[in-house]
Structure formats: C-alpha cells, structure tokens
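Q: I would like to learn how to read the folds and contacts in this entry. Where do we start?

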Amino acid sequence: MYILKRLGQAFVTFVAVITVTFGLIRAMPGGPADYIRARVMRNRGSEGVSMSEINSLTEAYTNFDPSTPVYVQYFDYVTNILQGNLGQSVSFAGQSVNSLIIKAAPWTIFLLTIAILLTFAVGIVLGAVMAYREGSRFDTGSTVLSMFVNSVPYYVAALLLVYVFSIQLSIFPQSGNYAVGLEPGLTPIFIADVFYHAALPVASLVLTGFGGVAITMRGNSIQEIGEDYIRVAHLRGVPGRRIAVRYVGRNALLPMYTNLMISVGFMFGGSVILEQIFAYPGLGNYLLQGIHARDYPLMMGIFIVITAAVLICILIADLTYGLIDPRVSAGEGKEAY
Amino acid sequence: MPSHGKGKLGKSNRQSISRRHLLRGAAMGGAMAMAGCLGGVEGDGETFVEPITVDPTNYQFNHLNLQHPFSHAMQSDQLQRYFINDGTFESYAVNIEEFEGDTAVLKVRDDLTWHNGDPGDPVNADDLYTKLVTDAIIGDTMSTLWTDIQRDGDKSVELTLDGTINKNLFRDGLNYYWLETPFRLYKDYVERWEDATTDDEIADIRNDLRNDSFDEEKVKGNGPFQFEERDNRHLKMSLYEHHPDADNINWKNWELRKVSTDTASVLLGGEVDGIRNYSAPETVFEQAPDDLLNAQLPALWGHSLPFNHEDDDFSNIRVRQAVSEFIDRQACADNYGRLGQPVEAPSGLVGNIDGQNEPSNRWENKVSDEMAEQLYRYDDPERGRELLRGEGYQKDDDTWYRPNGDPFEMTIKVPAGLTDWHPVYQTIVDNLENEGIGAELQRIEESTYWADHYTAGNYKVASTGWTLQRSSPYYVFDMYYNIDTEFMNLDPENLEAPPMGEPDGELQSVDPRGLMEELLVAQDEEEATAITDELAWITNQTVPMLQLNEINDPVWFYTDDWEVPDPDSEKYQSKWPLWWFPRNGDMQAK
C-alpha cells in the first residue's frame with residue numbers, strides 16, 4: 001500500500017512537472033523558426049539564403065501547427081509521452097527526440113554517477129575524520145578548505161582545470177568523450193580512454209562538491225558523538241572503531257542518503273554547462289542546443305528525462321531507506337523527504 | 001612553393017611543437033598514448049584538423065536544409081575566387097565562357113569529377129544547371145540576375161540575363177557559390193521547378209527542398225577531399241586523387257573534430273591545425289605561441305546603427321544626420337579592437353580597411369574622384385547641434401529636448417550573445433550621453449533580437465551589419481532599399497535627399513530603386529560610376545543606417561606542422577585562405 005501511495009505521488013509530480021515545463025517553454029520568447037532566422041541574419045549574405053525568403057523560410061521549420069490551440073498541443077504531447085514517444089526534434093533534421101536522448105543519456109549518466117559517488121565518498125570520509133578530530137588544526141584547515149572549494153562554481157573549476165592540465169601541462173584532453181579514431185567497444189583500451197576523457201569533467205564536480213558533503217558529514221557526526229548512547233557504548237567497552245563505523249558513521253550518514261539522491265537532479269542541471277565546456281556529448285549539451293534552437297520537443301524530452309531521473313532516485317531513497325535505518329521499518333516514519 | 005615558416009622555427013617553436021604533440025597524444029587517448037599503443041597518426045603531416053562544435057553524427061547531407069547541414073568547402077569546389085585587395089576574379093570550378101548582351105554562358109572546369117568512382121562521373125552541364133535552378137528555387141542572389149536557363153552542350157549552361165547585366169555585378173554575384181548540387185540528387189526538384197507555373201508552386205518546392213535530408217552515402221562532392229567516415233567526435237575526409245589540384249596537396253586527410261565552444265582554449269591548446277576565421281579576444285593574440293600564425297583579410301562587413309524610419313525622431317533625415325555627427329566612428333572602431341577601421345564617408349561603399357588592419361581607400365574606386373571628395377564625413381558635432389536646433393530640438397542644462405519638450409533619449413538594441421559588438425555600441429552610448437542625449441544599451445537574447453526586434457522593425461535604433469559581405473555597392477544598396485526596408489520601416493519610394501554636393505541644400509525627391517535598376521544593366525563603366533555616385537550620395541545623405549566601421553577576419557594556422565605564406569602575403573586576401581591554400585599549393589604539410 002505504501003509503495004502504491006509513493007508511486008502515485010511520483011506520478012502526480014511527474015505530470016505536474018510536465019505541465020509546468022510545457023507552459024514555461026511555450027512562454028519563452030521566439031520559436032523554433034527564430035533560431036534559424038537569427039543564424040541567417042548573423043551570417044547574412046554568405047549562407048545561400050535569400051533575405052527576401054527570410055520570413056517565409058522560418059515557417060518551413062516548425063513541425064507543429066502554431067494555429068492549434070495550446071491545450072490541444074498539450075493533450076497530444078502528454079498522450080505521446082505516456083506512449084513513450086517524445087516527438088520529433090525540430091532542429092536536428094530527421095531525428096527523433098528519443099534517439100537523441102538514447103545517444104546522449106549514457107554519457108551523462110556515466111559522468112554524473114562517477115562524480116556523485118566520488119563526491120560523497122571523499123566528502124563522507126573527510127567529514128568523519130574532521131568530526132573525530134574536532135578542534136584540531138586538521139579540522140580547522142579542512143573546514144576552511146571545504147568551505148572554500150564548496151563556494152567555487154564548478155564551471156570556474158572546469159575552466160581552471162582545462163587551462164592548467166590541458167592547455168599548459170598537456171596532461172589531459174580538453175574535450176570529448178573518447179579519442180578520435182578509437183572504435184567504441186568493451187575493450188580495456190576504450191574503457192580506459194573513456195575514464196581518461198572523463199577525468200577533468202569529473203574532477204570539476206568532485207573538487208567543488210566534496211566540501212559541502214564533508215561539512216554536512218562533520219556536523220552530523222559531531223551531533224551523534226555527543227549523544228548519550230555513544231557514551232553508554234564507550235562505558236560498555238564497545239571498541240572505538242566499531243563505535244565510529246557502526247554507531248556514529250551509520251547514523252550520521254542517514255540524512256545524507258536522501259541528499260545523495262536529490263543531488264542527482266542538481267548534477268543533471270549542472271551538466272549543461274559542464275558538457276558544453278568539455279564538448280561532452282551528453283544530455284546537457286543537447287539541452288543547451290535545444291534551448292538555443294527553441295527546439296521545444298527536444299527541450300521537453302530532456303526535462304522529462306531529468307525529472308524522471310530525480311523522481312526515480314527519490315523513490316529509490318524512500319523505498320530503501322528502511323534497509324539502512326531499521327527504525328523506519330519499525331514504523332517511526334517512512335518518507336525520506 | 002612558399003618557404004615561410006621554416007625560418008621562423010626557433011627554440012620556442014620546437015618546445016611548442018612537443019607541447020602540442022603531447023596534447024594531441026592526450027586528445028588521442030592518454031591511456032593508449034602513454035602506453036605507446038598509438039602514435040604517428042596525428043601531427044605527422046597526414047591529417048589537417050579543423051574544429052567544429054556540433055556532433056558530426058547529427059549532420060544531414062542536404063546543404064539546402066538549414067538544419068544541421070553538412071557541406072564543406074574542401075568537399076566541393078567554389079565557382080570562382082575573388083581577390084579583395086585588387087577586386088579581381090579568378091575562375092575556378094566554373095568559367096564564364098561568354099558574356100555578351102543579355103547572354104552569359106558558364107562552363108564547368110574540365111577534369112572535375114564527382115567522388116562516386118575512381119574517378120567518378122564528370123561534373124557536367126546538368127550539375128551546373130541544377131546549381132542555378134536550386135538557387136532560383138530558394139531565390140538567392142544569382143537567380144535575380146537571369147530570366148531563363150538552358151543547358152548548352154555537355155559542360156555549359158546558357159543564361160538569359162535580366163537585361164544587359166553589368167559584368168562586375170554578375171561576377172560579384174557568383175561569389176560564395178559552390179558546385180555541390182549533383183543533378184542525380186536534386187533531379188526531382190529541378191523537374192518540378194521546370195514544370196512550375198506559379199509562385200505558390202515554387203514556394204511548395206522550396207518548402208520541400210528546405211526540409212529534405214539526404215543520406216551520407218548518396219552525397220558525393222567534387223572537391224579535393226572526399227567524405228570517409230564520421231562518429232560523434234569527428235568527420236574525416238580523405239584526399240580525392242582525381243581532383244585537378246590534388247597534386248598540390250601533400251597530406252592525406254582533412255578532419256573536422258568536435259571541440260569545446262571555448263574557441264580560445266581550443267586554439268591556444270593546439271587542439272586544431274587551423275581555423276578559417278575566428279575573431280579572437282585580445283588575450284588570444286597576446287598569448288598565442290610563436291608557431292600560431294594569424295593573418296587577416298577584410299570581412300567586407302562592419303557594424304552599423306540602423307534607424308527606425310517611422311520613429312518620431314528618426315523619420316526626420318536631419319535628425320539622423322545630426323545624431324550621425326555626434327558619433328565618433330574612430331572611437332567605435334578603436335573600441336572594437338585591433339581589427340577595425342572607421343568608415344570614412346558613410347555611403348554604402350565597402351573598402352575602408354586593408355589586410356594589414358590599416359585604413360584603405362579602396363572604397364573611393366567605386367565612385368568618381370569628385371564624389372569621393374563630396375561624400376559627407378559626419379565628423380562635425382557643431383553642425384549636428386545646428387541641425388537639431390533647426391528641427392525644433394533644444395538643449396538646456398546639457399540635455400537635449402525634443403520639440404514637444406520631452407528629453408531626447410533612445411535605447412540601442414543589441415544581441416546579447418554577440419559580446420564583441422557591445423564595445424562598439426557602448427561607444428555610441430557614451431558619445432550621445434556626452435552630447436546630452438539620453439542613451440542606453442539594451443542587450444537582447446540573440447534569436448529574440450533578430451526575430452522580434454530587428455526584422456520586426458521594433459526599435460528606435462538597433463545594431464546590424466551594413467553589408468551582405470559583397471564588395472559591389474549594388475548589393476549594399478540592394479540591402480538598404482529592397483531587403484531591409486521592411487526591417488527599418490524605410491519607404492524608398494518616398495525618399496528625399498539634398499542635391500548632390502550640397503549637404504545643407506533643400507531636400508528633393510530621389511528614386512534609389514530606379515537608379516539600382518539602371519546600375520544593374522549599365523554596361524558602360526562611366527555610366528555605372530555616375531549611377532553609383534548618385535546612389536552613394538543618396539545613402540550618404542539619407543543615412544538609412546549609419547555605417548560605423550569595417551572589420552577584418554583573422555585566420556589562424558599552426559606552423560609547426562604546416563607551411564603557409566607569410567601573414568603579409570596578398571594570398572590571404574581572398575575568402576578563405578584555408579580553402580584556397582591547399583588547392584593552390586600554398587599550404588604544405590611539413
């Protein structure tokens with residue numbers, strides 16, 4: 001029953017998000033044709049487009065009928081989505097939104113998964129150590145460092161990393177997801193190369209993300225360390241390592257589990273600029289192109305994928321929360337957010 | 001064969017080479033490169049790498065469909081070459097065999113073949129016919145110059161011109177044309193056009209043509225490089241050895257590589273071997289390594305300040321003139337950066353900058369000496385004040401007021417994304433503010449700007465280029481008095497200007513469109529100059545848009561692996577060196 005309730009809530013959220021984004025995107029100034037007009041105007045004279053054609057031309061590139069009422073467009077759209085059809089891209093001739101997303105999503109998911117796992121792993125370990133050494137120089141220094149890196153925008157870090165490690169030191173590639181000329185496949189060389197190309201984008205997210213996690217973990221841990229049950233555990237002679245890992249660590253981690261899932265949504269949003277900087281062929285890259293080109297179907301398709309990803313992650317968090325916190329299973333509360 | 005480059009290679013260059021090659025190694029896949037699994041593939045003189053910012057797998061191969069089209073200048077040949085510095089033309093894929101009366105015969109270059117065999121089919125009259133017919137379907141420049149077209153033997157096409165068209169205008173019209181329309185691919189459209197009798201039918205064909213997309217397997221070019229393969233990182237073309245100029249090329253591949261949109265980093269990072277045209281920020285010029293060569297050529301383009309001719313203030317010719325007097329075009333050009341020069345006499349005449357970024361007087365060659373002297377310079381703020389006062393404007397406490405008592409102020413609309421434009425228009429804001437005219441810059445998202453502001457005529461003053469990147473004044477006048485009239489709310493049928501040589505004389509009716517019709521068919525050079533004089537004067541006085549500057553386009557080459565002419569060579573003065581150098585043997589892999 002609980003699962004059904006949560007699934008129902010997720011579905012309602014999903015439809016609400018589709019509705020709101022549909023409205024917001026349609027409220028954007030301009031339309032798909034305006035992008036082509038802008039491009040022609042920018043390069044006017046050299047692009048094989050008659051200026052007298054400029055106005056009629058723009059109508060040729062709109063694959064929905066602007067005279068159809070918006071509510072009809074909306075109904076058609078939702079119906080198609082529920083059938084798994086995200087429509088036809090306006091700016092990528094002859095390509096469906098589904099095919100573009102299938103092409104791009106694996107790269108974004110790969111990049112974000114590595115980045116999120118590393119961010120949380122580094123942040124949690126550092127935060128725990130900081131808590132146990134509360135007040136030490138290490139704690140003070142790490143707190144300052146964590147706050148500093150947490151306040152650096154990831155795209156600034158990305159540009160800095162490109163400048164240092166790519167332009168100046170030539171250690172890492174500046175762009176792309178794998179080497180030109182390399183045959184994609186599950187070969188060690190290809191896999192190694194994919195990780196190698198992901199190094200700088202991942203580092204940009206991890207370096208600017210772990211600080212926040214560490215500070216949160218530190219706070220949670222310090223709070224747990226001060227609890228009575230920890231004192232009792234010490235008095236009972238429970239080994240310190242066991243207290244740190246099983247008692248403090250586990251309880252301090254609980255609130256962060258939900259954060260981990262919610263951060264997926266933030267990371268997807270962040271991938272837009274990151275993928276642009278590194279010419280990484282993921283969803284963010286296509287989303288930006290879709291926005292530039294006023295490609296409504298493509299924009300909507302990617303928004304929906306991001307929404308679905310966040311909803312699924314939160315749903316997973318909800319449904320699995322009981323596994324890491326037995327109190328929830330015992331009926332003390334079920335929702336992770 | 002140019003020897004440039006070798007002499008310039010010093011110690012720092014060698015360091016740069018190793019750094020760039022190291023980077024290439026990184027780009028190729030560090031894990032593999034470090035393990036020695038790869039090597040000798042790039043940077044070894046076999047592949048020229050050029051940047052693109054789109055995923056090559058998203059290309060479609062109908063270049064007339066503007067949605068992600070693939071069409072590359074090395075894959076197909078340009079009809080002719082135009083030398084900006086001396087205004088001469090050189091035939092390339094097509095030669096003008098005959099140009100007499102109202103007939104022009106164009107012939108395809110011998111030995112030019114499609115990439116569909118070894119060698120492929122010859123490029124013939126059908127293909128050239130297809131090029132010109134598809135051009136008519138989309139209504140581009142050349143199609144406005146002829147009324148009938150016939151195949152003339154295997155290799156030639158005969159055009160019946162729209163009167164006795166001026167040959168220079170005809171030749172200028174042929175610029176920016178590539179022979180990339182094989183008849184076998186566009187046959188249906190050509191036949192539909194032949195059968196079409198109404199404009200609506202042509203519009204339907206155009207709509208279908210603009211939306212069609214072709215598979216890569218079907219599309220074959222005729223240039224020195226042929227399509228090989230593509231994935232999401234690159235598109236590779238290989239040397240087509242049957243091209244007439246293939247012997248001038250000593251490397252095997254031409255690669256388009258997807259890179260970051262941060263072009264400055266891409267260029268400085270050595271990810272590519274050259275860039276056709278990149279207006280880089282000053283920092284790139286300063287940080288460029290020794291082996292990164294840049295040269296310039298006139299863009300045949302510059303920034304302008306278009307007026308809304310239905311605006312309460314700017315519908316008045318004297319107000320447009322007055323504001324033009326207050327704007328410091330030299331400062332506009334200086335603030336654009338190192339690659340701009342001011343327009344000396346705003347009158348629609350291209351040629352105010354040379355390939356070395358110095359002022360040029362090429363524009364004077366387009367009018368008579370007398371007119372070059374007479375064209376008004378707009379550099380006298382005092383006259384501007386007199387003109388405003390004459391129209392009922394008043395200056396009190398350093399602020400100008402309109403005849404109705406409101407402050408005289410304006411918003412200059414600019415596309416937000418085109419940040420290199422902003423200093424030019426910010427200069428105008430400063431000039432006007434200093435004069436006591438309220439001015440501000442409004443940055444508008446680019447697509448919205450063009451669609452809802454400039455082309456909608458929704459502005460008081462705005463920003464745009466003042467040419468269609470062609471050298472002949474005719475095409476500039478065509479922009480002002482035919483194409484952009486709707487955008488500027490300008491009515492050329494009811495235009496008034498002072499008499500020639502008398503800027504302050506009484507306004508009288510002028511007919512720029514009538515003069516343009518005469519110019520188009522003026523066979524005699526003297527007659528053409530006289531008509532151009534009149535049109536230049538009208539433009540100079542009516543100021544449809546104030547032409548501010550003319551800029552240069554910079555081209556970039558890495559000389560560690562490639563040998564190209566010295567930057568001051570005249571060979572750069574033709575769009576684009578990156579396309580012409582390989583064909584002419586002016587670019588060699590080291």
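A: Start with strands. Two strands pair if DSSP finds at least two bridges between them. Strands (E, at least two residues) and helices (H or I, at least four) are DSSP runs, numbered from the N terminus. This is a predicted model: local features need pLDDT of at least 70, side-chain atom pairs count only at pLDDT 80 or more, and totals for chains, interfaces and linings use all residues. Residues are numbered from 1 along each chain as its sequence is written, while chains are lettered from A and ligands numbered from 1 in the order in which they are written.

Q: Which residue in E9(B) is the bridge partner of Arg230(B)?

A: Leu235(B) is the partner of Arg230(B). The strands involved are E8(B) and E9(B), the latter covering residues 234-239. They pair in the antiparallel sense over five bridges.

Q: What order do the strands have in the open sheet with mixed pairing?

A: First the general idea. Strands of a sheet pair through backbone hydrogen bonds, either parallel or antiparallel. Here, four strands of chain B follow the order E1-E10-E9-E8. E1 (47-52) and E8 (225-230) of chain B stand at the edges, each with a single partner strand, so one side of each has no neighbour in the sheet. From one strand to the next, the twist averages 25°.

Q: How do I read a helix against a sheet or another helix?

A: Axes are lines fitted to C-alpha atoms, for helices over the stretch in contact, and angles run from 0 to 180 degrees between N-to-C directions. Residues are in contact if their C-beta atoms, placed from the backbone, lie within 7 Å.

Q: At what angle do H2(B) and H4(B) pack?

A: H2(B) (residues 125-138) and H4(B) (residues 183-195) pack at about 50°, with their axes 9 Å apart. That makes H2(B) oblique to H4(B). Angles under 35 degrees count as roughly parallel, over 145 as roughly antiparallel, 65 to 115 as roughly perpendicular and the rest as oblique. Residues of H2(B) in the contact include Thr130(B) and Val133(B), and those of H4(B) include Tyr186(B) and Trp193(B). By class, the contact has eight nonpolar, two polar and two charged residues. Ala, Val, Leu, Ile, Met, Phe, Trp, Tyr, Cys and Pro count as nonpolar, Asp, Glu, Lys and Arg as charged, and the others, Gly among them, as polar.

Q: How do the axes of H2(A) and H13(B) cross?

A: H2(A) (residues 32-42) and H13(B) (residues 446-454) have axes that come within 8 Å and cross at roughly 90°. That makes H2(A) roughly perpendicular to H13(B). Contact residues include Tyr35(A) and Met41(A) of H2(A), and Trp450(B) and Ala451(B) of H13(B). The contact divides into five nonpolar, two polar and three charged residues.

Technical notes
Contact = placed C-beta atoms within 7 Å.
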